[in-house]
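Please consult the sequence and structure shown below while reading.

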Amino acid sequence: MPVGHLVNHMTGLVGSQGIGFDYVLGSGGVYVQSESANLTARVLVAPCEVRGLAAVAEKVELANGPIPARLFEAGLRWFRDEPRTERLFAVRWDGGAYRPVVPPQEGTASSLEYLPPAGVVAEFHSHGTFRAFFSKTDDEDEQGFRIYGVVGRLDTDRPELSLRVGVYGHFAPVEWSQVFGGPQPSVRLMAEGPDSAPDKQPATKR
């Protein structure tokens with residue numbers, strides 16, 4: 001089955017695993033987990049108290065180590081070259097190192113059309129001068145298993161950055177240190193939540 005269902009009893013996990021991802025019920029609620037050659041993630045998607053079950057720990061791990069911060073910095077410079085145009089780049093593990101990927105794309109101030117890159121570990125796009133938030137369109141598009149990022153306020157001295165892990169349509173925020181190796185560049189890391197609501201939502205189409 002593509003989707004598995006597991007229950008974390010005090011004596012261990014019981015149930016069937018899926019080839020795509022699993023839902024795991026533990027004492028803290030329902031989690032979703034998946035694993036690939038490059039990424040392992042388990043995140044809480046429906047918190048609640050379930051008495052009699054064992055706890056489940058959240059985790060986000062890159063199998064080949066953190067992505068070098070210089071790759072993101074290069075992508076950020078490319079975003080800032082055209083601060084009013086939406087752009088996208090990704091990162092792929094080629095068997096020996098992380099490499100940047102720039103797919104064919106066409107962007108405007110409020111839209112971006114691109115050929116989705118396959119086999120990538122992380123994917124980042126810009127929102128131009130808008131805030132760094134994941135729009136409804138982003139949620140609909142970002143249905144894979146990878147790290148996702150959005151950069152905004154590119155017309156300022158300190159652009160904004162939002163990061164999350166996506167597990168086939170389920171999302172959870174992640175920290176800079178969970179994704180990158182190296183110091184954080186001059187960007188403001190945003191938390192996705194009520195306080196990060198956009199001033200205006202771009203009509204992004206992918």
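In this predicted model, strands E3 (21-26), E4 (29-35) and E5 (39-47) each contribute at least two residues to the lining of the largest pocket. The points below describe that pocket and then turn to the aromatic rings.

**Largest pocket**
- The space in the largest pocket comes to about 160 Å³.
- Its lining consists of 13 residues, and Gln17, Asp22, Gln33, Ser34 and Glu35 are those nearest the centre.
- By residue class, the lining of this pocket comprises 6 polar, 4 charged and 3 nonpolar residues.

**Aromatic pairs**
- The model contains 12 aromatic pairs.
- One of these is the edge-to-face pair of Phe21 and Tyr23, with 5.5 Å between centres and 80 degrees between the planes.
- Phe21 has a relative accessibility of 13% and therefore counts as buried, the cut-off being under 20%.
- Tyr23, at 25% relative accessibility, counts as partly exposed.
- Trp93 and Tyr98 are also edge-to-face, because their planes lie at 70 degrees, with ring centres 4.9 Å apart; the angle criterion is over 60 degrees.
- Within this pair, Trp93 is partly exposed at 23% relative accessible area, whereas Tyr98 is buried at 6%.

**Aromatic cluster**
- One aromatic cluster is formed by Phe72, Trp78, Phe79, Phe89, Phe124, Trp176 and Phe180.

**Charge over rings**
- Arg164 sits over the face of Phe134, 3.7 Å from the ring centre.
- Arg164 also lies over the face of Phe171, at 3.6 Å from that ring centre.

Definitions and conventions: Residues numbered from 1 in each chain as written. Predicted model: local features only at pLDDT ≥ 70, side-chain atom pairs only at ≥ 80, totals over all residues. Heavy atoms only, no water. 1 Å grid on protein atoms, 1.4 Å probe; cavity = no way out; pocket = protein on both sides within 12 Å on 5 of 7 lines; lining within 4 Å. Points joined across faces, edges and corners; volume = space filled by probe spheres on them. Helix = DSSP H or I, 4+ residues; strand = E, 2+ residues; numbered from the N terminus. Nonpolar A, V, L, I, M, F, W, Y, C, P; charged D, E, K, R; others polar. Phe/Tyr/Trp six-rings, centres within 6.5 Å; stacked < 30°, edge-to-face > 60°. Buried < 20%, exposed > 50% of the residue type's maximum accessible area, 1.4 Å probe, protein only. Lys NZ or Arg CZ within 6 Å of the ring centre and 35° of its normal.
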